[in-house]
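Subject: Structure for you to look at

Hi,

Here is the structure I promised to hand over. Have a look at it first, and then read on for what turned up.

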Amino acid sequence: MNIAIVGTGYVGLVTGTCFAEIGVDVTCVDVDPAKIEKLEHGEIPIYEPGLKDMVLRNKQAGRLHFTTDLRTCLDSVQVVFSAVGTPPDEDGSADLKYVLQVARTIGENMNDYKLVVTKSTVPVGTAKKVRAAIEDELKKRSVDIPFDVASNPEFLKEGSAVADFMSPDRVVVGVESDKARELMTRLYKPFVLQNFRVIFMDIPSAEMTKYAANSMLATRISFMNDIANLCELVGADVNMVRAGIGSDTRIGRKFLYAGCGYGGSCFPKDVKALIKTAQQNGYDMRVLQAVEDVNESQKSILFRKLEAAFEGQLAGKTVAIWGLAFKPETDDMREAPALILIEKLRAAGCNVRVYDPEAMLECRRRVGDVVYYATDHYDALLDADALLLVTEWKAFRLPAWPVVKKTMRRPLVIDGRNIYDAHELQDCGFEYHCIGR
């Protein structure tokens with residue numbers, strides 16, 4: 001089977017590469033010539049464990065191709081996946097201009113049946129707009145060519161996206177015809193041979209499932225951060241609370257970690273978009289509005305703890321930050337708590353020293369040279385008045401505490417992910433603060 005993937009961002013590149021891995025002939029399309037040229041030379045624009053080797057292997061095998069022009073491959077493919085960006089508009093709604101542009105290009109150039117699959121995260125009702133855009137272009141050409149539209153939202157976790165795609169816990173597909181269902185079954189059956197975990201449904205339900213899933217996970221995070229903040233006020237330990245409620249099988253343990261807020265390309269954008277969708281339909285998503293409000297506040301919690309530790313006198317202080325990406329195993333800094341923290345520290349007159357195993361270039365692209373980019377996590381600590389742990393990379397989990405203490409000016413650690421043992425650090429002579437304890 002031959003397919004095209006439009007968009008070589010995080011979702012598109014992982015999707016195309018993984019399909020190529022199971023023998024599908026895949027053409028990845030992107031309007032950015034520089035990105036396509038780099039991919040042709042084996043340069044991967046994102047950091048994702050295992051992805052680069054898979055791209056190189058399938059490109060060499062002749063199953064993975066790259067182009068800037070969808071028209072050049074449209075006649076040879078049966079399925080076109082649209083994985084272009086849907087950035088939030090100023091009002092929080094998803095911007096569909098790139099999705100609809102892909103649809104129009106298909107309508108302008110298709111000569112036989114196509115299955116057009118939306119892989120991007122899009123609001124309910126987008127498939128109807130995609131269908132209408134294609135039909136409009138076909139009418140302009142005075143041709144009647146059959147096609148189907150489907151929805152196939154992604155549920156990839158950054159840092160484990162390749163493993164998630166190759167062995168999915170479920171695949172959600174919204175279809176309107178038997179032919180579309182048959183094609184999607186053919187594509188996904190190799191990934192789920194032993195246990196066919198493809199859930200077929202109507203298209204609006206598939207579109208809603210993606211937003212509902214991410215919003216539920218975001219809700220759990222904000223709920224635990226709210227509980228953690230109350231724990232500090234009443235003398236409870238959020239880790240004990242998490243163990244207590246997580247052992248309830250109706251609740252479970254996942255996404256119940258307190259911290260300094262969620263970020264990334266999905267949760268913030270999708271929560272906003274679902275709130276906006278509800279408003280457009282005359283409904284108020286009160287729970288999700290609270291989820292968003294809690295998260296925005298939580299992104300400043302490390303700064304508030306630091307400010308309290310220095311009684312508001314932060315000007316001239318040197319602060320080390322461990323972790324810049326919104327989560328480990330990625331270089332993605334979209335909506336990352338570290339960005340808010342850096343902004344507040346700089347506004348307070350602090351000297352900021354940062355280190356992240358993968359996100360240093362991305363941080364420099366976003367904030368420039370207003371911070372010091374350390375060569376390693378110990379270099380970031382030189383003469384620091386405080387260490388703020390923002391992202392729980394494995395390399396940060398067991399540092400040499402005597403070296404840390406010797407390197408810092410003041411042995412103050414503020415742990416934004418609750419990964420350290422309070423008693424151990426206190427025994428080593430550190431002043432230690434965390435979330436919810």
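A quick word on terms before the findings: a residue is called buried under 20% relative accessible area, exposed over 50%, and partly exposed in between (1.4 Å probe, protein chains only). This is a predicted model, where local features need pLDDT of at least 70 and side-chain atom pairs count only at pLDDT 80 or more, while totals for chains, interfaces and linings use all residues. Residues are numbered from 1 along each chain as its sequence is written, and side-chain values use heavy atoms, with hydrogens and water left out.

Two backbone spots may interest you. Asp 383 is not a glycine, yet its phi is positive, at about 55°. Asp 383 is partly exposed, with a relative accessible area of 40%, and sits in the loop between β11 (372–373) and β12 (386–389). Here helices (H or I, at least four residues) and strands (E, at least two) are DSSP runs, numbered from the N terminus. Glu 329 also has a positive phi, near 65°; its place is the loop between β9 (318–322) and α13 (337–347). With 25% relative accessibility, Glu 329 counts as partly exposed.

Now the overall picture. The protein chain has 16 helices and 14 strands. Its radius of gyration (over C-alpha atoms) is 24 Å, close to the 22 Å of the globule rule (2.2 Å times the number of residues to the power 0.38) for 437 residues, so the chain is as compact as a globular protein of that length. Along its principal axes the C-alpha trace spans about 75 × 45 × 45 Å, and 54% of the 437 residues are buried.

What does the inside look like?

In α12, Leu 302, Phe 303 and Leu 306 are in contact (heavy atoms within 4.5 Å) with Leu 341, Lys 344 and Leu 345 of α13. Beyond its neighbours within four places in sequence, Leu 306 is also in contact with Val 319, Leu 388 and Ile 414, among others.

Best wishes
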